[in-house]
Amino acid sequence: MATDGTGVKVIVVGAGFGGLASAIECHRQGHSVTIYEAFPELKILGDIISFGPNAGRIFYRWGDGNGSIVNRMRPLSIDTRGYGFNIRKFDTGEIIVNQPAAEYPTDAPALNGHRGELHEIVFNHVKDELKIPIHLGKRIDEYFEDEEGSGIILDCGTKVRADVVIAADGVKSRARQAVLGYEDKPKSSGYAVWRSWFPNTDMVADPETAAFCARDTFNGWIGPNKHFLFSTIKGGQDVCWVLTHPDTHDIDESWSFPGNLDEVREALEGWDPLCARIISKTPQDRVVDWKLVYRDPLPTWVSPRGRILLLGDSAHPFLPTSAQGAAQALEDAVTIAVCLRKAGGGGGVPRALRTHERIRYDRVCKIQKTGESTRDMWHKTDWDAVRKDPKLIEFPRPEWIFSHDAEKHAEQVFDEVAQSLDADKARDE
Ligand SMILES: Cc1cc2nc3c(=O)[nH]c(=O)nc-3n(C[C@H](O)[C@H](O)[C@H](O)COP(=O)(O)OP(=O)(O)OC[C@H]3O[C@@H](n4cnc5c(N)ncnc54)[C@H](O)[C@@H]3O)c2cc1C
């Protein structure tokens with residue numbers, strides 16, 4: 001679906017999932033869009049990332065509108081049908097519960113895979129198939145807006161104007177200051193993760209770990225204040241683990257550093273020896289120490305004149321235990337694209353942004369909290385209670401999150417929400 005041109009000119013800052021999704025959705029809704037991104041070339045970065053079915057439904061509509069992009073992503077994504085998720089006690093390693101893999105509709109799949117590999121598919125779709133202009137190597141530090149439009153100032157000094165700027169510039173967003181009028185620094189969440197992704201070579205050579213490489217698998221060890229998630233993926237060819245642990249280091253620094261395997265081993269002392277066995281197969285240069293930053297919900301995602309919107313992590317970073325950060329960036333993208341079409345260009349833009357915010361805000365804040373609740377549920381497990389009801393430690397799959405169709409929802413509620421905002425404004429004037 002690409003509707004007739006709406007005449008709305010959109011600048012997107014950032015070519016992560018939030019920025020690329022914004023560009024695709026704006027294109028689908030008929031807006032004219034250009035992307036500016038700081039990285040000079042695409043690199044396959046990161047490791048495991050999760051897209052629940054609420055995001056899969058969005059991917060499914062891209063390309064031919066019938067799953068062509070999903071068909072490229074599926075072979076790179078974990079397939080645990082027939083295996084499920086083994087949730088284990090941290091010290092004994094016994095499997096307390098096997099949570100079966102969920103079945104989702106074809107047009108709303110869950111896709112969990114390597115962030116860089118999935119990102120490359122979306123990036124190439126935007127660049128080569130949709131031919132949306134992407135300017136790489138352009139770092140944006142300044143934003144401006146007036147009654148007629150908004151824009152960015154590139155690091156070379158060039159000014160670019162449009163009707164609206166969507167700032168999908170990530171957790172360390174510069175746009176946030178332009179929107180809020182003050183610097184809002186991220187806080188430590190009190191936790192960090194060590195994470196790794198590597199080929200299965202050494203795992204296959206060890207009889208104790210080889211079986212994990214015969215197919216895709218997913219196991220999690222749950223302990224006091226820590227949890228260790230381990231998967232094999234792409235038919236067991238790649239290995240990936242994530243260890244969440246307490247950490248209160250200065251998070252003003254980069255969010256991602258090289259990790260130290262000795263520290264990882266130390267953190268797992270007293271745990272099931274299989275964990276140390278898996279860690280022993282990990283190449284030292286493949287460990288990342290990733291600080292989990294947190295922000296209290298921002299008072300607003302919309303600039304004072306309603307022409308700059310924070311989207312994705314720049315508006316609302318998520319903890320990995322929600323498994324929803326990237327999915328919520330996609331839902332944002334769908335919603336703003338619909339709102340811009342419904343409100344129209346010119347004077348309609350501020351109404352579109354404020355309506356988008358009102359449609360999205362409560363849902364996003366509620367889902368952000370699931371990151372804390374799942375983490376705390378695991379880290380403070382009452383093992384006696386769990387033995388009586390093992391379902392208590394299953395990974396939550398809330399229907400209200402997964403069955404949400406962001407596009408349909410925005411189409412349905414736009415008029416009502418926009419009118420309630422109009423009424424609020426009239427009352428305040
Ligand atoms: C390199 C990298 C690796 C990641 N790895 C993982 C992972 O393994 N697992 C996981 O769950 N999540 C990972 N994430 C985070 C995850 O991708 C996001 O949480 C989620 O997809 C929401 O995306 P976003 O587009 O809002 O933000 P991001 O994915 O952070 O994208 C923001 C983009 O904006 C660009 N940018 C930032 N500042 C500027 C500026 N001033 N001017 C122009 N461009 C700018 C950045 O280069 C980046 O491409 C990673 C993010 C990055 C950037």
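Good morning. I begin with the aromatic residues, where ring pairs join Phe-212, Trp-221, Phe-228, Phe-230 and Trp-241 into a cluster. Please bear in mind throughout that this is a predicted model. Over the whole structure, the search returns 14 aromatic pairs. In one of them, the ring centres of Trp-221 and Phe-230 lie 6.5 Å apart with the planes at 50°, so this pair counts as tilted. Trp-221 and Phe-230 are both buried.

A further pair is formed by Trp-301 and Tyr-361, which is also described as tilted, at 5.2 Å from centre to centre and with 40° between the planes. Which parts of the chain does this pair link? Trp-301 sits in the loop between β17 (287-294) and β18 (308-310), while Tyr-361 belongs to helix α11 (residues 348-379), and the two are 60 residues apart. Trp-301 and Tyr-361 are each buried.

Aromatic rings also meet lysines here. Lys-159 is placed over the face of Phe-144, 4.7 Å from the ring centre. Likewise, Lys-366 is found over the face of Trp-400, and there the figure is 4.2 Å from the ring centre.

I turn now to the helices. Helix α10 (residues 325-343) packs with α11 at an angle of about 155°, and their axes are 8 Å apart. That angle makes α10 roughly antiparallel to α11, because the term applies to angles over 145 degrees. The crossing of α10 past α11 is right-handed. On the α10 side, the residues that meet α11 include Gln-328, Glu-331, Thr-335, Ile-336 and Leu-340. On the α11 side, the residues that meet α10 include Val-349, Leu-353, His-356, Ile-359 and Arg-363.

Helix α1 (residues 17-28) packs with α10 at an angle of about 30°, with axes 8 Å apart. This arrangement makes α1 roughly parallel to α10, since angles under 35 degrees receive that description. Here, too, the crossing is right-handed, with α1 passing α10. From α1, Phe-17, Gly-18, Ala-21, Ser-22, Glu-25 and Cys-26 take part. They meet Ala-329, Leu-330, Ala-333, Val-334 and Ala-337 of α10.

I close with two individual residues. His-379 is located in helix α11. Is His-379 buried or exposed? Its relative accessible area is 7%, so His-379 is buried, the limit being under 20%. Residues up to four places away in sequence aside, His-379 touches Tyr-191, Gly-223, Pro-224, Asn-225, Lys-226, His-227 and Thr-244.

The second residue, Gly-14, lies in the loop between β1 (9-13) and α1. Gly-14 is buried, with a relative accessible area of 7%. Setting aside neighbours within four places in sequence, Gly-14 is in contact with Gly-19, Leu-20, Ile-35, Tyr-36, Glu-37 and Ala-168. Gly-14 and Ala-327 are 313 residues apart in sequence, and their C-alpha atoms are 16 Å apart in space.

Note on methods:
Residues numbered from 1 in each chain as written. Predicted model: local features only at pLDDT ≥ 70, side-chain atom pairs only at ≥ 80, totals over all residues. Heavy atoms only, no water. Phe/Tyr/Trp six-rings, centres within 6.5 Å; stacked < 30°, edge-to-face > 60°. Buried < 20%, exposed > 50% of the residue type's maximum accessible area, 1.4 Å probe, protein only. Helix = DSSP H or I, 4+ residues; strand = E, 2+ residues; numbered from the N terminus. Lys NZ or Arg CZ within 6 Å of the ring centre and 35° of its normal. Axes fitted to C-alpha atoms, helices over the stretch in contact; angles between N-to-C directions. Parallel < 35°, antiparallel > 145°, perpendicular 65-115°, else oblique. Left-handed = near helix turned anticlockwise from the far one by under 90°. Contact = heavy atoms within 4.5 Å.
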